[in-house]
Amino acid sequence: MTNWDISYEDSRRLENTIYIDLRSPIEYESEHIPGSVNLYLLNDEERSVVGETYVKHSKELAKSKAVSYVSKRLPFLVEEILKYEHEYNNLVLYCQRGGYRSKSFASLLNAMDIKVHRLESGYKGYRKYVRENLNKICEACSLIVLTGNTGCGKTKILHSLRDKGYPVVDLEGLARHRGSNLGHVGLMPQPSQKMFESLLLEEFLKYDGKKIFIEGESSKIGDVYLPKQLIQNMKKSYCIGVDSPLDHRVSNLVEEYGKLDYKKELLDSLRLLQGYISKENIEEFQRHIIDGNLKIVATKLCENYYDKKYKKRDVDINILNIDEEESVKKLIAIYEAKN
């Protein structure tokens, strides 16, 4: 351990900090510390060659190959570090386990009088922090849960509350999925489970000690799972049911899914409903989408699919949503009364 080594928990106390991920692009893309930047020492192909050399030949030869790759990139790497040094008070470097990559580069930079920290145990140490803290905060946080049928406007309401400065954790936004079989349409691929957990922890830490608005969800959003402690907390939390007339729900769904860019993806995704809806109905829906009759599709999906799947839970209070901004005012009044 060197005097510039730091734990992730201690690094959070530093002011104006940036985390610099030295791992390969594919490692970073899969999962990383939220807000970090990727300044890789080895690209994906080089990392593969070094790893294969380590396994088939020797540790020394693998290190030699790594040094030869990095040395060609060194002027660029140092130039980028100097840019970050100019913008941030604290630079925290990390690799996968706090090993050779980060140690060597941090040593070089500090020898050049470019002061950096190195994350103890690297990304692996960060993941330990997530595992130790996510369940605790999911269990202890104070929630106000919004629940209601598909299209009732919960997401719009949550986004408006967040824009007005109220604590909101947007689970579907973090998961990049709306929660239904068609919930991926028009969105980027979902984060990995570990990345989702990291994003979720960061959101909760922002609102530590405050009541948080959140949407009621099942245990799974698309392909990512919610922590069991969060599910249990939502079940016992203050719950507001959002009711909305069918025409308003249909309007929200058409607005959400009706973009031209989504048409092909929406047509293909309707096949995911086989087993719930007959093949004939799916083909009918596809014809309506091609003809631009999304309102008919949204209405029939609500009546014959979404509403039948939706499991109502006991709520503490209901609000009727026919105008999201008016509903936001009602929720703010409830929030202020509970604080």
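**Salt bridges and a parallel sheet**

Glu9, Asp10 and Arg13 are linked in a network of salt bridges. The model is predicted. Across the structure, 23 salt bridges are found. Side chains of opposite charge can pair when their charged atoms come close. Three further pairs are described here in turn.

Lysine 83 and glutamate 80 both belong to helix α4, which spans residues 59-87. They are three residues apart, about one turn of the helix. Their side chains meet in a salt bridge, with an N to O distance of 3.1 Å. Lysine 83 is partly exposed, at 46% relative accessibility. Glutamate 80 has a relative accessible area of 15% and therefore counts as buried, the limit being under 20%.

A second pair joins a helix to a loop. The side chains of glutamate 256 and arginine 178 form a salt bridge of 2.8 Å, N to O. Glutamate 256 lies in helix α11 (residues 246-257), and arginine 178 in the loop between α8 (171-175) and α9 (193-206), so the pair ties together parts that are 78 residues apart in sequence. Glutamate 256 is partly exposed, with a relative accessible area of 35%. Arginine 178 is buried, at 16% relative accessibility.

In the salt bridge between glutamate 284 and lysine 300, the closest N and O atoms are 2.9 Å apart. Glutamate 284 is part of helix α13 (residues 279-290) and lysine 300 is part of helix α14 (residues 294-309), so the bridge ties together parts that are 16 residues apart in sequence. Lysine 300 is partly exposed, with 30% relative accessibility.

The strands were examined next. Five strands make up an open sheet with parallel pairing. Their order is β7-β8-β6-β11-β12. The edges are held by β7 (168-169) and β12 (317-320). Each edge strand has a single partner, so one side of each is left without a neighbour in the sheet.

Helix α15 (residues 324-337) lies across β6 (142-147), β8, β11 (238-243) and β12. Its direction is at about 155° to β12.

Technical notes:
Residues numbered from 1 in each chain as written. Predicted model: local features only at pLDDT ≥ 70, side-chain atom pairs only at ≥ 80, totals over all residues. Heavy atoms only, no water. Salt bridge = Lys/Arg side-chain N within 4 Å of Asp/Glu carboxyl O. Helix = DSSP H or I, 4+ residues; strand = E, 2+ residues; numbered from the N terminus. Buried < 20%, exposed > 50% of the residue type's maximum accessible area, 1.4 Å probe, protein only. Pairing = 2+ DSSP bridges. Contact = heavy atoms within 4.5 Å. Axes fitted to C-alpha atoms, helices over the stretch in contact; angles between N-to-C directions.
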